[in-house]
Amino acid sequence: MRKTSFLGAAAAASLLFSPGNAAEPDRLAQALEGHVRFLADDLLEGRGLGQRGHEIAARYVASQFASLGLQPAGSEGWFQRISFAERSFSSDRETMVLTRGGRKTEWLNGKDLVMSPGNVEGAETITAPLVFVGFGLRDTSLGIDDFAGIDVRGKIVVALSGAHPGMNSETAAHLARTSKAVTAVQNGAVGLIQVRTFQEQGRIPFDKVASRGRASSRSMLGPDGAPLGDGAALKVRGTLGEGAAVALFEGAPMSFQQALEAAAKGPVKGFDLPGTLTITRAQKIVRITSPNVLGLLPGADPRLAQEIVLVQAHTDHIGIKADAPPGTDNIYNGAMDNAGGTATMIETARIIASGKRPARSILFFGTTAEESGLLGADYWSRNPTLPIGRVVGVVNIDMPILSCDFGDIVAFGAERSTLIAPVTAAARGEGLTVSPDPQPEEAVFTRSDHYPMVRAGIPSVFLKTGHSDSKGGQTCGAAERDFRLNRYHELGDDLNQPFDWTAAAKFARLNTDIVRRVANGKQRPLWYAGDYFGDSFAPTAAKAKR
Ligand SMILES: [Zn+2]
């Protein structure tokens, strides 16, 4: 009986939603809902890295790609399997001891400081002298070198959090995120410890930071098994609380307070800090693997098919809440983050693959380990399964708010390149406006999977639904705030949220239209001349005039 009635329903549905029928958007809405209901189901256990639930999600995406006739584009079929070291402390307590003229001051991890587990299995003790490097940034194009004239070889570098005041927030976030660690390694430092500026202290109290102090962390391993990524060679990474920071600067050319006051006005010149620091701790390291998923739709134009448009969505989330009381919900379903984005990517692929083949090739990429620091996309950018030089543009889809019928969009990164044209045209086609970034201080442009591709020199765009709704009100702003404050990386990002599948369909059509326009455009996307990211990461590429 059941089977028969199901077939009857399917037949009725295919009549209703035959191609060309005006009801097509509803079918898209249903398809999106279907994907999200599967990917965010409790059975997938929050799609944690290296966990069975995420493996199932990755297989699901690969099966969808197969059903669309895409070509496998991983290193093993649809997949590119990456090794990660999951590092956690096996010590009861971890300490940093400052030794200065025979006097010892001990600081405890999770209370006075936070540190990341190291790369060594078992117990270790590290002792090194200390040097302050101001903000610890280097960028020759901006004329910044906080390391100039400072010898950091064999030392632990102490750097202020964040970046020089007054910088563009996305440039600042990029430099704060990468430049400190990369430059410290290049100059031979053994560790990087951050101390918090007034701005950072105002953003979050240290006891809240300290409560996460003993968390495990993941690093990716290269094909040779060695740790890979920015700052992987640093033995010590951490942040000092303000109490410890004051003691650290005692007897130095500037007190901590003086350094912070100077940092609020501009760059701060570095100096040696007296004494040595000894770190004592022990680690347990578990090796896990996790797959990227990649499917290629070859382009129709013999010449332009050499060029690839990359469409990304992360398939992983943060798994199971370890300390949930027994019998209560403990699954981080990640329905918006990023079952919604993954569903959008799959349906974008479906719509394009079932229509007229675009000129350029399109690579659909379900990334892993986004939640561990954009690691799956980062890994691919360093070990691409197709020549990365062929990738001409990126459309990233991550955590769209699909609970509101949005009337505008925010297109992170679009104004940096000629991608603004297809984005604006596609938005207009849906009756939407393109709004400026409502929270530039969040530097969203550096916080999702397109960012490693930007660092590989590729113009990228990352769409979010905006704050205004389709009726001219601001209810979508309220929905976004509710999500950010109450559901983001919480148990409540689940299927009980009030999804608006028609709005989800609009978001999918929008991304599809952008991808199509880029794939069929006369010219590949170009960075605008004078854009910081284009000039930094694609210095020799042709540029467009604004
Ligand atoms: Zn997330």
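H489 is placed in the loop between α13 (475–487) and α14 (501–520), where helices (H or I, at least four residues) and strands (E, at least two) are DSSP runs numbered from the N terminus. The structure is a predicted model, in which local features need pLDDT of at least 70 and side-chain atom pairs count only at pLDDT 80 or more, while totals for chains, interfaces and linings use all residues. Residues are numbered from 1 along each chain as its sequence is written, and side-chain values use heavy atoms, with hydrogens and water left out.

The phi angle of H489 is near 55°, a positive value in a residue other than glycine, and H489 is partly exposed, with a relative accessible area of 23% (buried means under 20% relative accessible area, exposed over 50%, and partly exposed in between, with a 1.4 Å probe and protein chains only). A positive phi, near 50°, is also found in R47, again a residue other than glycine; R47 lies in the loop between α2 and α3 and counts as buried at 1% relative accessibility.

D42 is likewise found in the loop between α2 (24–39) and α3 (52–67), and D42 is partly exposed, with a relative accessible area of 42%.

Q439, in the loop between β19 (433–435) and α12 (450–455), counts as buried at 17% relative accessibility. Leaving aside neighbours within four places in sequence, Q439 is in contact with E480 and R484, contact meaning heavy atoms within 4.5 Å.

A cis peptide bond, with omega about 5°, joins D337 and N338, and N338 lies in helix α9 (residues 335–353).
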